[in-house]
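These are my notebook entries on one structure, set down in the order in which I looked things up.

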Amino acid sequence: MDWPTWAVMVPLFVIGTLFGSFFNVVGIRVPKGESVVAPRSSCSSCRHPLNAIDLLPILGWLVRGGKCHYCGERFSPIYMLGELAGGVLFATLPFLVNKPSELWIAYPLASVLLILTVSDLKYMLLPNKIIYPAMLLFVALRLVVHPLPLWQYALGFLLGGGILFGVSYMAILLRKPPMGFGDIRLMALIGLVMGVKLVLLCIFLSALLGSLIGLSLIASGKLSRKSPMPYGPFIAVAGLVAFCYGDSLMTWYVNLIT
Ligand SMILES: [Zn+2]
């Protein structure tokens, strides 16, 4: 008997929010060199330790309007968004990947990208302490699960990192702000996970997304032309889109131009 969709999605959503809540802690503490298990999270304003409801931001938002119970300070929306993204990703990934075996890649990938997004939004930093272990993990996973020949992933790694490094180098020559090394490493990681075609698509999509959102933030006055914008979240979103929809997007595009 096939399970109804909701019977798969609802439990996965709940599990995903719990993981999302943990990924928030990892993304916020690891860059500062703090332990992810101790001490308990506390309010950044009044230092009061948080209890269970506040550690689950969606619930905290519904029950307490996203404010500290003790001092009334608003929590950053990053926590709730991270938890929500965890829930949505965990619930939908089984329906988005094109091969069931790719779920072995999809869950760790979504987890790493979520942690890095939190860290980049909070500190404008994609920490090596997350990216290097993730690279090792995906090398191990890809040696076992690889729908493409292995050289595709190796070349994807070199191209992803190489192209962004080239763009950064050009930017320095043109006296424009270069990309961070974290962004270069993250794109190399995406290439390692997805192979040549999809990393090229990810570079294109992240640039498109970054320009669209950057320009609309500048047009609406929320961001000045000079102020830096974290690029990691755009790579993360573009990477997930490329991973789930890349092949259909490229088929659609080829049909469009031929
Ligand atoms: Zn407080």
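**Entry 1**

I began with phenylalanine 23, which counts as buried at 6% relative accessibility. The model is a predicted one. I then looked up phenylalanine 19 and found it partly exposed, with a relative accessible area of 39%. Both phenylalanine 19 and phenylalanine 23 belong to helix α1, four residues apart, which is about one turn of the helix.

I next checked the aromatic pairs, and the count came to five. Phenylalanine 19 and phenylalanine 23 form one that is tilted, with 5.9 Å centre to centre and 45° between the planes.

**Entry 2: serine 21**

I stayed in helix α1 for serine 21. At 12% relative accessibility, serine 21 counts as buried. I listed its contacts, leaving aside neighbours within four places in sequence: Leu55, Leu56, Pro57 and Glu83.

**Entry 3: the zinc site**

Which protein atoms are the donors of the zinc ion? I found the SG atoms of Cys43, Cys46, Cys68 and Cys71, lying 2.3 Å from the ion. The angles among the four donor atoms run from 107 to 112°, and the site is tetrahedral. For reference, the ideal angle for four tetrahedral donors is 109.5 degrees. In sequence I read the spacing of the donor residues as C-x2-C-x21-C-x2-C.

Cysteine 43 sits in the loop between α1 and α2 (52-55), and cysteine 71 in the loop between α3 (57-64) and α4, so this pair ties together parts that are 28 residues apart in sequence. I compared the exposure of the two. Cysteine 43 is buried, at 1% relative accessibility, whereas cysteine 71 is partly exposed, with a relative accessible area of 38%.

**Entry 4: domains**

I looked up the domain assignment of the chain, which gives domain 1 (1-96) and domain 2 (101-258). Their C-alpha centres lie 24 Å apart. The contact between them takes 21 residues from domain 1 and 19 residues from domain 2.

**Entry 5: the largest nonpolar core**

How many residues does the largest nonpolar core have? I recorded 49, and those with the most contacts inside it are Phe138, Leu186, Leu189 and Ile190. The elements that give two or more residues to this core are α1 (5-29), α4 (77-96), α5 (103-123), α6 (128-144), α8 (181-194), α9 (196-219) and α10 (232-257). Helix α5 gives the most, with ten residues.

I then took leucine 186 by itself. Not counting residues up to four places away in sequence, leucine 186 touches Leu113, Leu116, Leu126, Ile131, Gly232 and Ile235.

**Entry 6: alanine 236**

I placed alanine 236 in helix α10. Is alanine 236 buried or exposed? With a relative accessible area of 5%, alanine 236 is buried. The value is under the 20% cut-off, and the label follows from it. Beyond residues up to four places away in sequence, alanine 236 touches Leu113 and Thr117. I noted Leu113 among the contacts of leucine 186 as well. I also checked alanine 236 against isoleucine 28: the two are 208 residues apart in sequence and 17 Å apart in space, C-alpha to C-alpha.

**Entry 7: positive phi values**

I turned last to the backbone. Most residues other than glycine have a negative phi. Methionine 124 has a phi near 55°, a positive value in a residue other than glycine. I located methionine 124 in the loop between α5 and α6, and methionine 124 is partly exposed, with a relative accessible area of 41%.

Arginine 175 also has a positive phi, near 55°. Its place is in the loop between α7 (150-173) and α8. I recorded arginine 175 as exposed, with a relative accessible area of 78%.

Notes. Residues numbered from 1 in each chain as written. Predicted model: local features only at pLDDT ≥ 70, side-chain atom pairs only at ≥ 80, totals over all residues. Heavy atoms only, no water. Core = buried A, V, L, I, M, F, W, Y, C linked by side-chain atoms within 4.5 Å. Buried < 20%, exposed > 50% of the residue type's maximum accessible area, 1.4 Å probe, protein only. Contact = heavy atoms within 4.5 Å. Phe/Tyr/Trp six-rings, centres within 6.5 Å; stacked < 30°, edge-to-face > 60°. Donors = N, O, S within 2.8 Å, 3.2 Å for Na, K, Ca; no water. Tetrahedral: all angles 85-135°; square planar, octahedral: opposite > 155°, others 65-115°. Domains from an automatic or database assignment.
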